[in-house]
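Subject: Structure for you to look at

Hello,

Please find the structure below.

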Amino acid sequence: MIARLRRYLPDGKWAVIAPPYFWMLLFFAVPFAIALKISFANIQIAMPPYTSLTEWVGDTLTVKVNVANYLFLLRDSLYFNAYLSSLKIAVIATFFCLLVGYPIAYAISRLPTASRNTALMLVVLPSWTSFLIRIYAWIGILKNNGLLNNFLIWLGVIDEPLQILHTPIAVYIGIVYAYLPFMILPLYTNLVKHDNRLLEAAYDLGCRPWQAFLKVTLPLSKAGIIAGSMLVMIPVVGEFVIPELMGGADTLMIGRVLWQEFFNNRDWPVASAVAIVMLILLIVPIMIFHHYQSKELEGRLT
Amino acid sequence: MAATATSVAASTAAKTEPLREDYVRIDDLTKEYDGFRAVDDVALTIRKGEIFALLGASGCGKSTLLRCLAGFEKPTYGKIELDGSSIVELAPYDRPINMMFQSYALFPHMTVEQNIGFGLKMAGHSKDRIKARVDEMLTLVQMNTFAKRKPHQLSGGQQQRVALARSLALSPKLLLLDEPMGALDKKLRSQMQLELVGIIERLGVTCVMVTHDQEEAMTMATRIAIMDAGKIRQIGTPDEIYEQPSSKFVAQFIGSVNLIEGTIVDDEKDYVTIRSDVLEQPIYIGHGVTGFEGQSVAYALRPEKIKIEKDEPAQEHNKARGIIEDIAYFGTHSVYHVRLVTGKKLLVHFMNAKRWASERFTWNDPVWLSWGDNAGVVLTS
């Protein structure tokens, strides 16, 4: 009897995989559900600042789903432009991360085994300092009387300071700098697994080193490139701190719009709708990332 | 050593062919790593159209020598000439040499077709030309039906065929094989060995192979170089290496051998006698050797050259008595471990020519061993 009952009760294996599921439920599914709920509510001046979706009148339960917030996002071109601009910035920043990160990851993977961990450490080391402090450090470097401008003036290259801070260039510099490790690490894990004999086979069949790179190394690192790119692109779309601190007033990003809706306009329903739409936009890249990440974990290079 | 006898027979056909021109000439070749000499002053020539095997234990330098030929290693000094011109300074991609890699190194992201056509594509041939040549290669290795597969969808034997086709597609002047059978199981190995030799001989391509497997070298190669500690110990056809080893090392490396230490007591033009502490009778050799009276030598006697019988043979020399201490039955032959009256142990092969041999011996049987005047080799080193 007890034995039969035990078959239907969860066993030890379940206890092992339960915590991550519980974590996801508590910190992803529940907040998402709350945000989704708020996005279908109306704004009201109260506490909390939105209406309830359900209402008991007599014996009737009415569920009111208000899609006005979403329609508002469609009607006001500000939101469309902000999404588009965020995506554009994310794509361009990801491209530059790849351009800078690939050679670094490649170089580390070619180092002798003993030096590789040190090199990886150097990649990760800056993130041991607070993110905000590093961004302020970049402001110190890029501002009009900052390190870079003073140095260039001292060299005599320029006569008056270059306006870099509070331009899109500063935002790109900040993003590429902050997200570079997320590009390098997945690329490195891919590149370090490459079989050197494949390159030798390519040389043997008439490839010069750069041709062997294009024909063998690059296609075989596709999974790493995609994993790294998604890992950079997805959070950059919603990035708030870097455009806020380093960008100008014209640097339009969805993270800033979200902030304004939430804290300046106190419009929680519209802010929630903005967040939900952003998530939906990111589902496609997240799926792509997941697909290639699991491929990478399985160790298949094809 | 069941296959040794058959492979010696197979390679005698190659031996009777006339000597061909020297095609690859390696001279004075040395490769050092941090003071360690992986390849030590190697000189050898390889003739056009032959399959030349570098045979040795792991770490003997055979792979380094092969990589020097391919261009992946730059020799510390020395000369390598191919078809009359030096190739030492050429990069791997400029050498008319292709290699079949150990465990094949097929490009995992390309199909069988793309793998085979890769070299042709890099050489800038037209699409039609590449297609025709790839089809020709696929037919050669009987892989036409697998053209669109990826390497990971193929078995080990099929991958090997693709690797061979890829290395032959550019019609190289020299084909290098690095442990060609290393990734195959034993049964498939002996089948692929002969098939590989068939393909290579049909195309007439000159070939250098590296292997640690002596059966493989004996089955496939026209000539074999035995390597040890970066040096070449002996070069010869498989039967020369087996029947006329030049040193104790080579005699012991190939097959099994009985080494009898002794001293030359008679050194005449047409015969030599050797006295040994482990034999009651002297060893008589029916031809002269380069030695002198009083020189200590080793007499190398292969186990299958010894005759085993119950009664004392009539001959005066080249015999010994003992008892059978151990028997190993291999089906084709049995190996008897015979302890001589002096305590020395000799190995004797006995062909099991009959199914129910009444003359088969058993443990502790007293036996007489004997051998002919030309059965063994006198070794001075």
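To begin with a detail: which residue in E7(B) is the bridge partner of Ile97(B)? The partner is Leu174(B).

Before the rest, some conventions. This is a predicted model, in which local features need pLDDT of at least 70 and side-chain atom pairs count only at pLDDT 80 or more, while totals for chains, interfaces and linings use all residues. Residues are numbered from 1 along each chain as its sequence is written, and chains are lettered from A and ligands numbered from 1 in the order in which they are written.

The sheet in chain B

Strands of a sheet pair through backbone hydrogen bonds, either parallel or antiparallel. Helices (H or I, at least four residues) and strands (E, at least two) are DSSP runs, numbered from the N terminus, and two strands pair if DSSP finds at least two bridges between them. In chain B, six strands form an open sheet with mixed pairing, in the order E6-E7-E8-E3-E9-E10. Strands E6 (97-100) and E10 (231-236) of chain B are at the edges with a single partner strand each, so one side of each has no neighbour in the sheet. E6(B) runs parallel to E7(B) (residues 174-178), and four bridges join them.

Two loop residues in chain B

Asp34(B) lies in the loop between strands E1 (22-33) and E2 (36-47) of chain B. Its phi is near 45 degrees, a positive value in a residue other than glycine. A residue is buried if 20 or more other C-beta atoms (placed from the backbone) lie within 10 Å of its own, exposed if 12 or fewer, and partly exposed in between. Asp34(B) has 4 C-beta neighbours inside 10 Å and therefore counts as exposed. Asn364(B), in the loop between strands E18 (345-351) and E19 (366-370) of chain B, has phi near 65 degrees, which is also positive in a residue other than glycine. Asn364(B) counts as exposed because it has 9 such neighbours inside 10 Å.

Chain A

Chain A has 14 helices and two strands. Buried residues make up 30% of its 302 residues. The C-alpha atoms of chain A fill a box of roughly 80 × 75 × 35 Å along the principal axes. The peptide bond from Met47(A) to Pro48(A) is cis, with omega near 0 degrees. Pro48(A) is in the loop between helix H2 (12-39) and strand E1 (54-57) of chain A.

Regards
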